[in-house]
There are 2 protein chains.
Amino acid sequence: MKYGIVMFPSKKLQDLANSYRMRYDPHYALIPPHLTLKAAFELSDGEIATYSEKLNQIAKNHRPVPLKISKVSSFQPVNNTIYFKVEPTSELQNLQKNLEELLPDAVSEYAFVPHITIGQKLSSDEHSDIYGQLRMLGIDHEEVIDRFHLLYQLDNGSWTVYETYHLGKE
Amino acid sequence: MKYGIVMFPSKKLQDLANSYRMRYDPHYALIPPHLTLKAAFELSDGEIATYSEKLNQIAKNHRPVPLKISKVSSFQPVNNTIYFKVEPTSELQNLQKNLEELLPDAVSEYAFVPHITIGQKLSSDEHSDIYGQLRMLGIDHEEVIDRFHLLYQLDNGSWTVYETYHLGKE
């Protein structure tokens with residue numbers, strides 16, 4: 001089964017992200033607005049219990065992480081994804097590194113750029129137009145996130161939560 | 001904020017439910033296939049920690065519950081919702097009763113009819129046609145569910161998971 005690990009920001013930020021996603025993100029209906037800590041990976045039914053226990057351990061070893069957002073950015077020219085840029089604090093980077101290392105074969109070749117997607121799969125013209133507007137947005141948001149979730153993907157592409165892990169809790 | 005409590009069945013059953021929901025349920029994109037234990041209710045930000053702790057206690061006091069489905073049914077004439085009828089085992093009923101009582105003011109006036117919706121908001125003609133086909137389906141599914149989730153609703157009507165509770169776990 002295909003799993004992923006994400007953090008959901010507060011309802012307030014999810015509502016704000018959705019106000020853009022509904023128009024600019026075809027994944028709008030597949031998952032709520034989120035910060036991906038570990039992109040899709042495969043686990044067999046036999047592996048899930050052990051893996052989940054390891055995630056519990058990692059969660060206990062980290063404290064709640066600050067989420068700071070001050071601008072809209074884009075992955076262009078790599079791709080046309082537009083996102084809320086999340087400040088890569090050491091707390092967030094350390095947590096992501098620990099999660100990444102948990103499946104050693106699957107360590108990503110890309111650097112971790114924490115973000116919350118608000119638009120993707122846009123044509124070049126759409127991207128220029130929309131990014132031109134959104135980058136002017138004044139956004140200055142700060143909150144603390146105390147949990148992350150393990151999700152699995154259904155056949156239709158949508159994601160269901162399997163488990164919640166609390167940062168810094170015994 | 002508006003909260004709800006649900007169980008997600010296995011991926012296999014969710015995929016099966018979605019194969020109908022995609023055509024017959026306008027809530028298809030708002031939440032994965034689920035069994036509702038407690039429909040939408042209001043909690044303030046100040047109440048959520050206490051409430052969540054109580055849910056933890058309830059979860060510990062119950063064991064994983066069997067989920068048995070042997071037919072497709074409909075709430076007609078009350079409404080036109082079509083669903084997988086879930087056998088109301090004592091384990092499931094006791095769990096639901098405990099959850100219902102947790103917010104005493106909010107005790108429902110309806111009896112608990114455990115179900116997984118696969119179609120709703122249908123016109124009378126659509127309902128007759130679709131229910132006529134689906135009730136002939138041979139369905140005989142059995143699994144055990146060991147957790148439930150507390151979700152909150154976003155402004156667009158979709159639901160995000162706040163917390164996962166394990167049945168029978170210290």
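Which residues of H1(A) are buried? In the predicted model described here, local features need pLDDT of at least 70 and side-chain atom pairs count only at pLDDT 80 or more, whereas totals for chains, interfaces and linings use all residues. Residues are numbered from 1 along each chain as its sequence is written, chains are lettered from A and ligands numbered from 1 in the order in which they are written, and side-chain values use heavy atoms, with hydrogens and water left out.

The buried residues of H1(A) are Lys11(A), Leu13(A), Gln14(A), Asp15(A), Ala17(A), Asn18(A), Tyr20(A), Arg21(A) and Tyr24(A). Here, buried means under 20% relative accessible area, exposed means over 50%, and partly exposed lies in between, with a 1.4 Å probe and protein chains only. Helices (H or I, at least four residues) and strands (E, at least two) are DSSP runs numbered from the N terminus. Helix H1 of chain A covers residues 11–24, a run of 14 residues. From its first C-alpha to its last, the helix reaches 19 Å, close to the expected 20 Å at 1.5 Å a residue; the expected span is 1.5 Å times one less than the number of residues. H1(A) has a kink of about 30 degrees centred on Asn18(A), where the bend is the angle between axes fitted to the seven residues ending at a residue and the seven starting there.

Phe84(A) is found in strand E4 (residues 82–86) of chain A. With a relative accessibility of 0%, Phe84(A) counts as buried. Leaving aside residues up to four places away in sequence, Phe84(A) touches a set of residues that includes Leu13(A), Leu16(A), Ala17(A) and Tyr20(A), as well as Ile69(A), Val72(A), Ile116(A) and Ile139(A); contact means heavy atoms within 4.5 Å. Phe84(A) and Arg135(A) are 51 residues apart in sequence, and their C-alpha atoms are 9.6 Å apart in space.

Pro88(A) lies in the loop between E4 and helix H3 (90–102) of chain A. Its relative accessible area is 39%, so Pro88(A) is partly exposed. When residues up to four places away in sequence are not counted, Pro88(A) touches Gln93(A) and Pro114(A). Pro114(A) is also among the residues that Phe84(A) touches. Between Pro88(A) and His141(A) there are 53 residues of separation in sequence and 14 Å in space, C-alpha to C-alpha.

The relation between the two chains was examined next. Chain A can be laid on chain B by a turn of 180 degrees and a shift of 0.0 Å along the axis, with an RMSD of 0.0 Å. The two copies are thus related as by a two-fold rotation axis. Superposition is by least squares on the C-alpha atoms of residues with pLDDT of at least 70 in both copies.

The contact takes 26 residues from chain A and 26 residues from chain B. Of the interface residues of chain A, 100% are also interface residues in chain B, so the copies meet through the same surface. The area buried between the chains is about 2,000 Å², with 47% given by carbon and sulfur atoms.

The structure holds 14 salt bridges over all chains, and the rule finds 4 across the interface of chain A and chain B. A salt bridge is a side-chain nitrogen of Lys or Arg within 4 Å of a carboxyl oxygen of Asp or Glu. Asp155(A) and Lys11(B) meet in a salt bridge with an N to O distance of 2.7 Å. Asp155(A) lies in the loop between strand E7 (147–153) and strand E8 (159–166) of chain A, and Lys11(B) lies in helix H1 (residues 11–24) of chain B, so the pair joins two chains. Asp155(A) counts as exposed at 63% relative accessibility, whereas Lys11(B) is buried at 18%. Salt bridges also link Lys11(A), Asp15(A) and Asp155(B) in a network. Glu163(A) forms a salt bridge with Arg147(B), with the closest N and O atoms 3.7 Å apart.

Within chain A, Arg21(A) forms a salt bridge with Asp25(A), the closest N and O atoms being 3.4 Å apart. Arg21(A) is buried, at 1% relative accessible area, and Asp25(A) counts as buried at 5%.

Conventions
Buried area is the accessible area (1.4 Å probe) that two parts lose on being put together, summed over both.
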